[in-house]
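Me: I'm new to this one. Can you walk me through it with a few questions and answers?

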Amino acid sequence: MKYLITESQLDRAKSKINDLMLSDLNRLLDNDRTSDSELIVIYYNDIPLYEDGVIMEYGVEDGWLYIEKDFLDTFSSMYPLNRKQSAEFISKWFSKEFEVDVKDLHY
């Protein structure tokens with residue numbers, strides 16, 4: 001069976017997927033996080049702070065953003081993006097949410 005999808009339907013589908021990705025990332029804002037003049041760090045809620053548990057870490061001085069591999073792989077598997085595309089999407093979200101300029105991306 002073949003389906004015909006109009007350009008406008010495709011655009012709406014892409015918009016819905018984009019909204020879902022942003023919604024998932026915005027939920028991270030409820031997680032534990034620390035912020036000071038040197039670092040912004042977002043942690044997994046279910047891992048004690050004395051353990052690693054870092055989802056994302058941003059270095060204010062150099063503008064680097066680290067995204068934890070398992071989080072990035074999970075995000076990539078949930079949406080139609082490869083790992084690099086997912087990292088770039090997350091980087092843009094992080095820049096907007098925290099009003100910072102991500103210059104270097106690590107994962």
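Predicted model: local features only at pLDDT ≥ 70, side-chain atom pairs only at ≥ 80, totals over all residues.

Me: Which residues of helix α2 are buried, and how wide an arc do they cover around the axis?
Reply: Helix α2 runs over residues 69-78, and its buried residues are F71, L72, F75 and S76. They sit on the same side of α2, because the arc they cover around the axis is only 130°.

Me: Which residues are linked with D73 in a network of salt bridges?
Reply: Start inside α2, where D73 and K69 lie four residues apart, about one turn of the helix. Their closest N and O atoms are 2.8 Å apart, in a salt bridge. D73 also forms a salt bridge with R83, at 2.7 Å between the closest N and O atoms; R83 lies in helix α3, so this pair ties together parts ten residues apart in sequence. That makes the partners of D73 in the network K69 and R83.

Me: Is D24, which meets R27 in a salt bridge, buried or exposed?
Reply: D24 and R27 are three residues apart in helix α1, about one helical turn. Their side chains meet at 2.9 Å, N to O. For D24 the relative accessible area is 18%, and the cut-off for buried is under 20%. So D24 is buried.

Methods
Residues numbered from 1 in each chain as written. Heavy atoms only, no water. Buried < 20%, exposed > 50% of the residue type's maximum accessible area, 1.4 Å probe, protein only. Helix = DSSP H or I, 4+ residues; strand = E, 2+ residues; numbered from the N terminus. Arc of directions from axis to C-beta. Salt bridge = Lys/Arg side-chain N within 4 Å of Asp/Glu carboxyl O.
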